[in-house]
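I opened this notebook to keep track of what I looked up, entry by entry. Each entry takes up one topic.

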Amino acid sequence: IIYDIPLAQKKAADAFRVKMKDLGLYQLQKSVWVSPYECLAELEFLCSIFDIDMDKNVFYFKSPEIPKEHKIKKWFDL
């Protein structure tokens, strides 16, 4: 999950980041989060609650490879 929420929505961006932590996602970089589990429905819900345009500001994708894979697997006990 990669996101870039406009500064005008700082409160929404802060709340979104807190919820990403609450979901147990791994923070790879400031606005880059990783999960080995499907979480699209949760992201869509968060975007609707915080009035974040998911089509413009939040990008969800799957990747066969990821940096720091060993560290991420350890985070998720995989």
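The entries below go from the basis of the model to helices, salt bridges, strands and surface.

**Entry 1: basis.** I note that this is a predicted model, in which local features need pLDDT of at least 70 and side-chain atom pairs count only at pLDDT 80 or more, while totals for chains, interfaces and linings use all residues. Residues are numbered from 1 along each chain as its sequence is written, and side-chain values use heavy atoms, with hydrogens and water left out.

**Entry 2: helix α2.** I took helices and strands as DSSP runs numbered from the N terminus (helices H or I, at least four residues; strands E, at least two). I then looked up which residues of α2 are buried, where buried means under 20% relative accessible area, exposed over 50% and partly exposed in between, with a 1.4 Å probe and protein chains only. In α2, which spans residues 40-49, I found Leu 43, Leu 46 and Cys 47 buried. They lie on the same side of α2, because they cover an arc of only 100 degrees around the axis, the arc being that of the directions from the helix axis to the C-beta atoms. On the other side of α2, I found Ala 41, Phe 45 and Ser 48 exposed. I also looked up what the buried residues of α2 pack against, and noted α1 (10-22), α3 (54-57) and β4, with contact meaning heavy atoms within 4.5 Å. Just after α2, I noted that Asp 51 takes a positive phi of about 55 degrees.

**Entry 3: salt bridges.** I counted a salt bridge where a side-chain nitrogen of Lys or Arg is within 4 Å of a carboxyl oxygen of Asp or Glu, and by this rule the count comes to five. One of them joins Lys 10 to Asp 14, with the closest N and O atoms 3.0 Å apart, and another joins Arg 17 to Asp 14, with the closest N and O atoms 2.8 Å apart. I found Lys 10 partly exposed at 46% relative accessible area, Asp 14 partly exposed at 26% and Arg 17 partly exposed at 25%.

In helix α4 (residues 69-75), Glu 69 and Lys 73 are four residues apart, about one turn of the helix, and their side chains meet in a salt bridge of 3.3 Å, N to O. Glu 69 is partly exposed at 35%, and Lys 73 is partly exposed at 40%.

**Entry 4: strands.** I looked up how β2 (residues 26-29) and β3 (residues 32-34) pair, and found the antiparallel sense over three bridges; two strands pair if DSSP finds at least two bridges between them. Gln 29 has Val 32 in β3 as its bridge partner, and a hairpin joins β2 to β3 through two residues.

**Entry 5: surface.** Last, I noted that Phe 59 has its place in strand β4 (residues 58-59) and is partly exposed at 39% relative accessibility.
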